[in-house]
Amino acid sequence: MVRSTIVFPFSGYYIGGSHVATFELVTGLQRDQQRRCVFLVAKGTPIADEAERLGIEVIDTGELDASHWTMRRRRNPFFALKRLPARLRLLRRIGSPFIVHCNDILEMQSFGFAAKLLGGKVVYHHHALNRMIFPNRLLVGVADAVIAVSEICLQAVAFVGADKARYVLNPIEVGLVDRGAARSRVCAALGIDPSRVLAGFVGNFWERKRPLFFLEAAAAMLAKRPDLHFILFGRRADYEIEDLEARAQALGLGERITFAGFLMPAEDNIAAIDLLMAPAVNEPFGRTPIEAGLLGTPYVATDDAGHAEIGRRWGGGRLVPLQDEPGQFAETALAVLAAPDEVLLGPSARAAVVEDFSIRAHAAAVEAVYRRLEGARQA
């Protein structure tokens, strides 16, 4: 059987959770499965830079523009049609046989149809809870195989049929991190007193991540525990940082809150804090609660979507009912801070998480999808 090159197209600019998962997947595919993997992405983006740092082959799409307007334009099917000849040339340059592995609906529109026109196979990796309106269903239906990262994501693509869809956990691996050293590094970088109790928010400021909810819960917690300090690790998205800072001051958080931006290494951000607060809703899966469990940081998360699946299946924290207000979320968070050992993963539970989310296991599961498509091509 002739083995295919696996092509990962990206039209975005900044690194997000699906990119991190793809970096880890490709690491496993190249190391354990000896697959040739190629990123199609604009050179000069953080995505391309990180891929090259990891030893992943990058082919420049020439579509470098981080503006919101351009990203909206790319969703227009006429823009995709205009770019089709250039995208066909890129895929021909890679050579057949290939499998195009798309990580969102936009990439299906951008490269899914182009791949099919050249006789390639297409995998759609469902990382998001998009509304499955007719155009999205049409795009997902182009794929020869669909991978879902959680039970709720699998339900969202059930219309493609059980023979086409697979549930495969994203890889999530963290190295051994000295929590004390990580705390010292983060506090020194941000000018925070390390003796304070630290609670953190990790994620970009999208509406569904509920950063305003976090701020309101933080204010309620600070009223009862004046030794707390809150850190938000993330970038602007639906909310501007200036607006969140103004809201924090209006809530009386004063100098007890820090907007840290995006700090590396990412593991330090979670290892440094005493509690991870994840109030997001409609989360397809979510890396941070799993990372927190592996790093020994308890979490409090909303009992909804992917976070609900994580809390019930693997534990490591406590779930708060979806209908709860910020004050109720705060009460649960304070209770976990008072008795973290009641929720932290023990050695056997942690070992199970390590195995379930290993890069090796993930790459093997995705490799099985590729081989099935290659077998169908040969038949």
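## The enclosed helix α13

The buried residues of helix α13 are Ala305, Gly306, His307, Ala308, Glu309, Ile310 and Gly311; a residue is called buried under 20% relative accessible area, exposed over 50% and partly exposed in between, with a 1.4 Å probe and protein chains only. The model is predicted, so local features need pLDDT of at least 70 and side-chain atom pairs count only at pLDDT 80 or more, while totals for chains, interfaces and linings use all residues. Residues are numbered from 1 along each chain as its sequence is written, and side-chain values use heavy atoms, with hydrogens and water left out.

Helix α13 spans residues 305-313, and because seven of its nine residues are buried, it is largely enclosed by the rest of the structure. Helices (H or I, at least four residues) and strands (E, at least two) are DSSP runs, numbered from the N terminus. The buried residues of α13 pack against the helices α7 (151-156) and α12 (288-295). They also pack against the strands β7 (165-167), β11 (275-278), β12 (299-303) and β13 (317-321). Contact here means heavy atoms within 4.5 Å. Just after α13, Gly315 adopts a positive phi of about 75 degrees.

## Helix α5 and its two partners

Helix α5 (residues 105-117) and helix α6 (residues 134-141) have axes that come within 9 Å and cross at roughly 50 degrees. Axes are lines fitted to C-alpha atoms, for helices over the stretch in contact, and angles run from 0 to 180 degrees between N-to-C directions. The angle makes α5 oblique to α6; angles under 35 degrees count as roughly parallel, over 145 as roughly antiparallel, 65 to 115 as roughly perpendicular and the rest as oblique. The crossing of these helices, α5 and α6, is left-handed, a term for a near helix turned anticlockwise from the far one by less than a right angle, with right-handed used if the turn is clockwise. On the α5 side the contact is made by Ile105, Met108, Gln109 and Phe113, and on the α6 side by Asn136, Leu139 and Val140. The residues of this contact of α5 with α6 comprise five nonpolar, two polar and no charged. In this classification Ala, Val, Leu, Ile, Met, Phe, Trp, Tyr, Cys and Pro are nonpolar, Asp, Glu, Lys and Arg are charged, and the others, Gly among them, are polar.

Helix α4 (residues 77-94) also packs with α5, at an angle of about 50 degrees and with the axes 9 Å apart. The helices α4 and α5 are therefore oblique to each other, and α4 passes α5 in a right-handed crossing. From α4, the contact involves Pro77, Ala80, Leu84, Arg87, Leu88, Leu90 and Leu91. From α5, the residues are Gln109, Ser110, Phe111, Ala114, Ala115 and Leu117. The contact of α4 with α5 divides into 10 nonpolar, two polar and one charged.

## The pairing of α9 and α10

The axes of helix α9 (residues 211-224) and helix α10 (residues 241-250) come within 10 Å and cross at roughly 20 degrees. That angle makes α9 roughly parallel to α10, and α9 passes α10 in a right-handed crossing.

Pro211, Leu212, Leu215 and Glu216 of α9 meet Leu244, Arg247 and Ala248 of α10. By class, the contact of α9 with α10 contains five nonpolar, no polar and two charged residues.

## Aromatic pairs

The structure holds 12 aromatic pairs. Rings of Phe, Tyr and Trp (its six-membered ring) pair if their centres lie within 6.5 Å; planes under 30 degrees apart count as stacked, over 60 as edge-to-face and the rest as tilted. Phe8 and Phe39 form a tilted pair, at 5.8 Å centre to centre and with 50 degrees between the planes. This pair links distant parts of the chain, 31 residues apart, with Phe8 in strand β1 (residues 5-9) and Phe39 in strand β2 (residues 37-41). Phe8 is buried at a relative accessible area of 0%, and Phe39 is buried at 1%.

The rings of Phe10 and Phe39 have centres 5.1 Å apart and planes at 50 degrees, so this pair is tilted. Phe10 lies in the loop between β1 and α1 (17-32), 29 residues apart from Phe39 in strand β2. Phe10 is buried, with a relative accessible area of 5%. Elsewhere, ring pairs link Phe201, Phe205, Phe214, Phe230 and Phe259 into a cluster.

## His19 in helix α1

His19 is found in helix α1 and is buried, with a relative accessible area of 12%. Leaving aside neighbours within four places in sequence, His19 is in contact with Phe10, Tyr14 and Ile47.
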